Amino acid sequence: MPLSKLWTIAYRDLGRHRRRSGFTLLAVALGLGLLLTLDGLISGVVADSLANSIRLRTGHVQIRGASFQEDQLSLQSKDLLPNPDELVAKAKALSEVKAAAPVLWSSVILNTIDQSAGLQLMGIDTTSSLYDPIRAGVVAGTWPTPDDREGVLIGRGLADSLGLGVGQKVNLTLVNSDGRPDEGTFTVRGLFSTGIPSYDQSAVFMPLDKAQAFTGASGRASLIMILLNNQNDANKVAAALSGPGVTVLTWSDLNKFFVETMASAMSFYAILDFIVILIVAVIIVNTLLMSVFERFREMGILAALGMKGGQIRVMFLLEAATLGLMGIAVGIIIGVAGVAYLATTGIPIGDKMAAVAGSNFALSATMYGRFDLNSFINLSLATLIVVILASLYPAWYAARLEPVEALRAD
Amino acid sequence: MDAIQIENVSKVYRIGEVETHALKGVSLTMAEGEFTALVGPSGSGKTTLLQLIGCLDKPDQGAVKIKGKDVTRLSANQRADLRREEIGFIFQFFALVPVLNAYENVELPLLLNSVKSSERRERVMELLKAVGLSDRAKHRPDQMSGGEQQRVAIARALAPHPLMVLADEPTANLDTENGKQAMEIMQRLNQETGTAFIFATHDPRVVAFARRVVKLRDGRVDSNGAQA
C-alpha cells in the first residue's frame, strides 16, 4: 500500500479530533518555542559577555612577559616587557591585526575624602583604536591626551558611588616597581560607561607615559593587547608572535574560566532541554494511545482487509510525525519571535545585577538574545526524534492487535 | 475441490477462569459461488465459525482449508495476505474507514493489493455503479445513510475479486427496505460474479434469500442445510 495513502489516513485522522490534535500540537510548539527562546537568550548572553571581555579586557591576543601573572599584576622589571614598542610594531606588521598597543596594569587604591576603592590601573596608549569602545563611552568630561600628566578616566558607576565628578581630585595609592608604596593626586578628566557595570566599576585609565612614571615601570609594559580582524586567526597570529622570553595567549586562553564555566552551565541547561522534551514525549504517547484505544475496531477492519501489522505501525508513526512536524513548525515560529524580541529589546537586569557577576563575566546591564541556527536545527531535530520514539509504543500496540479482538471492541 | 473445507474444528474462549466452548468438532464443506446462511441463536458459534473461515482467528483443534490449503498453519502475515486476495468482509456496523470517502473505501483493498491506478479507478467505479452509488463517490461515511454505507461495504468486499465474501449480521442495523435492498444487491452480485457469500445471521430476511442454510446450536452443526 503506498505510503501516501497511509499518510492520508493518518493526516485526516488528526482532523477527526481537532481539539485534541490542536492541544498536542500546541504542547510540542510551546515546548520547542520555549527552549529555542531560552537557548537564544543564553546564547546571546554568552556571546555578548565573551565579546565584551575581548573588546574591553583581553583582546584577541596578548603578548606578556614569560613570568607575568595576571592575578598578581607585578610591576617588577623581570615580569614586564622591556621592549613594548618593538612588539607592537611586530604585531602591526601582520595583516590579520586590526590594532595593537602596550598596556601597563597595576593594582591601586583610589581615595576620596571619605571613601576608597580598590581598582585596576590601566596605563594605555590613548591614541590607539584599541580603546575606541571606551572612547565612545565617555559620558562626561574628555578623553585624556597622551601627554596629560594629571588626568584619569573613571567609570560613571564608580564616580556615582564615590560621589565624584569631572574636575574633582582623587588620590591613587599603589606599591611601585621598587616595592615601595607611592601615591599621587590626579584629576578626574572624564567619566565613561561601557554598559558593563563590573568593568566600569573596577578600572581607572591614565595615559601610558604617566602610568609608567607613576609606577616606576620606566618604559615597560605589562602586556601588548592585540585586536584582530577575524577572531578565528588568533592561533595563527599567536604562533607568529611567539618567541623567547614572552608568552603569547589567545582570547580562548584568556577567557578560559568563563568558557569552562559556561560549558558547565550549558550541561545543566541540557538537562532542562531533556525534561521539557520528555514532557512533550509523554503528551504525544498519551494522545496516540487515546487514538489507538478509540480506533480498536478500525484497526480490526484494516487488518481484516489484509493490512499488515507493519503498515498499521507506519500509519501511527506517520500520525505522530505529522503532529510533530506541525508542532515543530509552530515552535520555530514562536522561537524566532521570542529570540527576535530578545535580540532587539532584551531583558534589562540593571547595573547592580550585572555587576554581581564579577570581573570574569563581562555582563551587560541588558541581556540580549541571539539567533543560533545550529541551536534551531539541533533542538528541532531532537524534538522530532523524541516524538517519533515516543510514538513507537502506541504504534507497536496498535500493530499487534489481533483482528478478532479488535473487531469485538465497541 | 471444495472452496472451503472445515474439518473437525473446535474453538474455546478463555476469559479469566471461565471457558466457553464456541465450536465443538464442526465439519463442513462449501463450494465456490455458494449463497449460504449460518443460522442459530446467540452463542451458537456462527460468528466464530465465520471468523475462522475468514482467517481472522485460528481454531484450537481441527483444520480450515481454503482451496485445499490449510490456513491454520499460516503465519499472521500469510493469513493477512490471504484475506487481502481471497476474502471480503461485511460487518453489521458497516465498518468503513471514517476518514475516507466512498471511493477511497472501495479502493482500499485494491491499494493493499498493489493494483495499478487505472485499473483501480475502473474497478471502483464499476462497483459503485453496481451498488447504485456512483453519485456518492466523494461522500464520507458520516454523510451517508446506513443503507448507503452498507452498500459501500458490499462494493469494498468485492473489490479484489475475492473467492468469498463473509457477512456477519449484514442487515442488523438496517431497516426493512434497506436490508432487502442490500440482500438483493448481494444476491445479484453472487450470480454475476460467482463469488461465494456466507452470512452469519439470525435475521429471517437474510435466511429467505439464502440458497443453503446451515443451522448451528451450542457450537455444533445441527443441520448441514440443503440449498434453500
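1. On conventions, residues are numbered from 1 along each chain as its sequence is written, and chains are lettered from A and ligands numbered from 1 in the order in which they are written. Because the model is predicted, local features need pLDDT of at least 70 and side-chain atom pairs count only at pLDDT 80 or more, whereas totals for chains, interfaces and linings use all residues.

2. Chain B has seven helices and 10 strands, where helices (H or I, at least four residues) and strands (E, at least two) are DSSP runs numbered from the N terminus. Its radius of gyration, taken over C-alpha atoms, is 17 Å, close to the 17 Å that the globule rule (2.2 Å times the number of residues to the power 0.38) gives for 228 residues, so chain B is as compact as a globular protein of that length. Buried residues, those with 20 or more other C-beta atoms within 10 Å of their own, C-beta atoms being placed from the backbone, make up 47% of the 228 residues in chain B.

3. Where the chains meet, 17 residues of chain B are in contact with 17 residues of chain A, contact being defined as C-beta atoms, placed from the backbone, that lie within 7 Å. Helix 2 (76–86) and helix 3 (102–112) of chain B are the elements that give two or more residues to the side of chain B that touches chain A, and the largest share, five residues, comes from helix 2 of chain B.

4. Strand 6 of chain A runs antiparallel to strand 2 (residues 97–111) of chain A, with three bridges, and antiparallel to strand 7 (residues 181–192) of chain A, with seven bridges; strands pair if DSSP finds at least two bridges between them. Asn171(A) is the bridge partner of Asn111(A) and also stands opposite Thr185(A) in strand 7 of chain A.

5. Most residues other than glycine have a negative phi. Phe94(B), however, has a positive phi near 70°, and it counts as buried because it has 23 C-beta neighbours inside 10 Å. Asp218(B) has a positive phi near 50° and is partly exposed (between the buried limit and the exposed limit of 12 or fewer), with 14 other C-beta atoms within 10 Å.

How values were computed:
Two residues are in contact if their C-beta atoms, placed from the backbone, lie within 7 Å.
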